[in-house]
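Subject: Two-chain model, handover and findings

Dear colleague,

Please find the structure below. My notes follow it.

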Amino acid sequence: MTERGWAAGAGTAHRMENWYRRLLTLYPKDHRREHAEEMVGVLLAAAGQEQAGPSRAGRAQRLGQHAADSADLIGGALRIRGRMVLNRVKRTRWLAWTVRDERWSDALAVVSVVAPVLLLVAALTEFRISQAVASSLTGHPHWRLSETLTLADLPMAAGASGVTVLAFLRLRRLAGLGALATAIGQIAAGAVPAMAGYASPAVAFTVLLSCTAAAALLFSPGPDRGLALLTRSGTALVGVGALILGGFSVGGNVWFGTGDADVGDFGGQVAGLPADLLIAAVLVTVAASCLRAAVSRRVLALLAIPVIPYVFLWQEKLASDLFGPPGTTTALIPSSIPLLYLPPLLLACLIVAGTWLARRRATGRADQVGSSGPRSAVSA
Amino acid sequence: MQEPTFLILTALAAGAQHGYGIMTDVARISDGRVRLRAGTLYAALDRLKADGLVTSDKEEIVDGRLRRYYRITDEGAAELAAEVRRLRANTAVAASRLGLAGGTV
């Protein structure tokens, strides 16, 4: 071969190698790391063995072989990726995904204990079920169960109690699906104009709390792990907080409530604000005092999702307690659907995106450490 | 067992071989009828390795390029032997029904 002919041949081989390497990027990273170099070697060796001459027919034959090898490489990549997906699907235990990051997984496990309790307490206080039960037990005429519940309240009232019972029976996935159904039920009930609209901060709070409980129950090891992390003192704190919350609202409404529409619901006004403050206090206390800092920060971030619309509820109640009767337009910031739902949604997206980026960075670092070792492959 | 898998295991039954060696051996065994390409070969090797029928052997560098050798495992050999028995039994039945028993098939 002349020097020019040899140079042209070397150039073609180089172009072919580049082309094959580009096609090999279609393969999974692990497969590429293990086999890319030997596959390039095999492809070039096979191309070198082709017996086609320099004629036009020979060139067409070479081009055909090259195209067939390329198509075969693509097919191989698809087969390997397809098999990986199939194996993953076969191995997956449905509804058994948990977050891989240990700190987020632990934070979700804690929330899987706290959120169902809060959901139950929120239902008890919001629908005044505990007041109605206390009224019927004490003979106080102020609250009756039939007056406290409407059709729109049923998803929350039934869902909250069901989720809490299922969570503490250790039926994590069922409780998670129940929490999801509770959220969907509330949204569906709120969508009917005749019923309580979901533009209300109270409904937004319970919808988002149900969603947070569902995510915590479905994507974490569950209440067992959460209780272990909370320790006895933390669990006692959650229990005492819930009891105080429920008990105070019962006391406030039953003992201070007059039941006279002209006089006004003094008990409701008195009980409302401290009860709200207590919910916030329980959240912060539980998260801050019982856990490692990395987990407690994440618990706070997760619980902030439902608490954001609660801030609107709180300032509305504060305004009505200070400046006028409930229902009048005394709130400092009037609540609206975008204000109630967009910030929590944004926070949830930030949490998911942050977790994903952290995982990518961790994978990148692991790859760098792996590739800085001795190379097993030598390319020409 | 699919034919390419059978031929790859047959090629490796004689001893460890590298990728290009398997390709040329398969072409030889099948009389040029089956011509494996790199994509098909490595997808098959990936599956056979995952199933424990084939394993990586030694590596060497030839002309600046990596060559990895593959060898059949005991499990792979047993699987191939079972397939041979199955094919032989089927072939015998087919030959006897065609009146070729004792003759060449």
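Of the 105 residues of chain B, 32% count as buried (20 or more other C-beta atoms within 10 Å of the residue's own; 12 or fewer is exposed, anything in between partly exposed, and C-beta atoms are placed from the backbone). This is a predicted model, in which local features need pLDDT of at least 70, side-chain atom pairs count only at pLDDT 80 or more, and totals for chains, interfaces and linings use all residues. Residues are numbered from 1 along each chain as its sequence is written, while chains are lettered from A and ligands numbered from 1 in the order in which they are written.

Confidence

The model has an ipTM of 0.83 and a pTM of 0.51. For chain B the average pLDDT (the predictor's confidence in each residue, from 0 to 100) is 88, and 95% of the residues score at least 70. Where pLDDT is low, the predicted coordinates should not be read in detail.

Chain B

Starting at the N terminus, their order is α-β-α-α-β-β-α. Taking contacts in chain B with a separation of 6 or more, 42% are between residues 24 or more positions apart; a contact here means C-beta atoms, placed from the backbone, within 7 Å.

The three strands make an open sheet ordered β1-β3-β2 in chain B, with antiparallel pairing (strands pair if DSSP finds at least two bridges between them). β1 (17-18) and β2 (54-62) of chain B are the edge strands; each has a single partner strand, so one side of each is left without a neighbour in the sheet. Helix α1 (residues 3-13) of chain B packs on this sheet, touches β1, β2 and β3 of chain B, and has a direction at about 95° to that of β3(B). Angles of this kind run from 0 to 180 degrees between N-to-C directions, and axes are lines fitted to C-alpha atoms, for helices over the stretch in contact.

β2(B) and β3 (residues 65-72) of chain B run antiparallel and are joined by seven bridges. Across from B:Ser56 is B:Tyr70 in β3(B), and across from B:Thr55 is B:Arg71 in β3(B). The hairpin of β2(B) and β3(B) has two residues between the strands, and B:Asp63 there takes a positive phi near 50°.

α1(B) also packs against helix α2 (residues 19-29) of chain B: the axes come within 9 Å and cross at roughly 105°. That makes α1(B) roughly perpendicular to α2(B) (65 to 115 degrees; under 35 is roughly parallel, over 145 roughly antiparallel, and the rest oblique). From α1(B), B:Leu7, B:Ile8, B:Thr10, B:Ala11 and B:Leu12 meet B:Ile22, B:Asp25, B:Val26 and B:Ile29 of α2(B). By class, the residues of this contact are seven nonpolar, one polar and one charged. Nonpolar covers Ala, Val, Leu, Ile, Met, Phe, Trp, Tyr, Cys and Pro, charged covers Asp, Glu, Lys and Arg, and the others, Gly among them, are polar.

Interface

Chain A gives 24 residues to the contact between the chains and chain B gives 19 residues. On the side of chain A that touches chain B, the elements giving two or more residues are α2 (29-49) and α3 of chain A. The largest share of that side, ten residues, comes from α2(A). That side of chain A has eleven nonpolar, seven polar and six charged residues.

Helix α3 (residues 56-91) of chain A packs with helix α3 (residues 38-50) of chain B at an angle of about 20°, the axes being 7 Å apart. The two helices, α3(A) and α3(B), are therefore roughly parallel to each other. Among the residues that meet are A:Asp69, A:Asp72 and A:Arg79 in α3(A), and B:Tyr42, B:Asp46 and B:Arg47 in α3(B). The residues of this helix contact divide into five nonpolar, four polar and six charged.

Two positions in chain A

A:Glu17 lies in helix α1 (residues 3-24) of chain A. A:Glu17 is partly exposed, because 17 other C-beta atoms are within 10 Å. Apart from its neighbours within four places in sequence, A:Glu17 is in contact with A:Val40 and A:Leu44.

A:Arg173 belongs to helix α8 (residues 172-191) of chain A. A:Arg173 counts as partly exposed because it has 15 C-beta neighbours inside 10 Å.

Regards

Conventions:
Helix = DSSP H or I, 4+ residues; strand = E, 2+ residues; numbered from the N terminus. Contact = placed C-beta atoms within 7 Å.
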